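Here's a quick briefing for anyone meeting this structure for the first time. Take a look, then read on.

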Amino acid sequence: MAQHTGASRPTVNLWYTKRHAQPPEARHPEKAVTIDRVDYYDREEFEAFHARWQERKHHRVLPTGAALYEGDIADLVSINDATRWFHFAGPGVIRKYLTANPDYFPRPAGTLPGTSGRQVPAFRRADLQAFDQNRTGDNTGTSGRKPGTAQRREPTAETETRVTHAIAYLRDAGGYHRGAGAALAAQHDEPAWKWERAVKEARARLDTEHTDS
């Protein structure tokens, strides 16, 4: 199933373990048979589930601003407008994509004046539209790396976004509490382990802020 979909094994496991939290029409199929302690599933049922899951995730991660499709496709769009239209946490998300995950987000095609008057990266509207139409939300931060190259230790843009959300969550909650990672994972319909890591990093950064102050 992991090889068939391209998803990680923890994600595939999560689809099954969290199946009862999903509506019936979007629920992972039950096991068809177990042979020599290996579980098997009906292929057609699984493929139907995965198609529905992809469609739901596609719509969930594309709350794109309508302004992206207004204007000439040759227009340049500033990084600030692109951030707003894609509902990213900040321009740093795009900058992180460009440095940590080459070829995932379009490369800048020029510059435009930012809010302070300073020149900021700008992108072709057509390239942003193509990105919008092709992304699925499954990016793991590794696409664009050449085979055999060492893994980067710095967090991906998506990880950084999760940490930002986790910091805001902990601040609103008055600090860390047991189950914070699970609560955030449920809010964003993502694997719990991703949010547990984000919460751990968020706690470390908040502790640093308190120490520095």
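Which side chains meet in a salt bridge of 2.7 Å, N to O? They are those of Asp-81 and Arg-84; a salt bridge here is a side-chain nitrogen of Lys or Arg within 4 Å of a carboxyl oxygen of Asp or Glu. Keep in mind that this is a predicted model, where local features need pLDDT of at least 70, side-chain atom pairs count only at pLDDT 80 or more, and totals for chains, interfaces and linings use all residues. Residues are numbered from 1 along each chain as its sequence is written, and side-chain values use heavy atoms, leaving out hydrogens and water.

**Overall layout**
- The protein chain has nine helices and five strands; these are DSSP runs (helices H or I, at least four residues; strands E, at least two), numbered from the N terminus.
- Of its 213 residues, 35% count as buried, meaning under 20% relative accessible area with a 1.4 Å probe, protein chains only (exposed is over 50%, partly exposed in between).

**Salt bridges**
- The whole structure holds nine salt bridges.
- Asp-81 and Arg-84 both sit in helix H4 (residues 79–86), three residues apart, about one turn of the helix.
- Asp-81 is partly exposed, at 24% relative accessible area.
- Arg-162 pairs up with Glu-190, their closest N and O atoms being 3.0 Å apart.
- Arg-162 is in helix H7 and Glu-190 in the loop between helix H8 (180–188) and helix H9 (192–212), so this pair ties together parts 28 residues apart in sequence.
- Both ends are buried: Arg-162 has a relative accessible area of 8%, and Glu-190 comes in at 17%.
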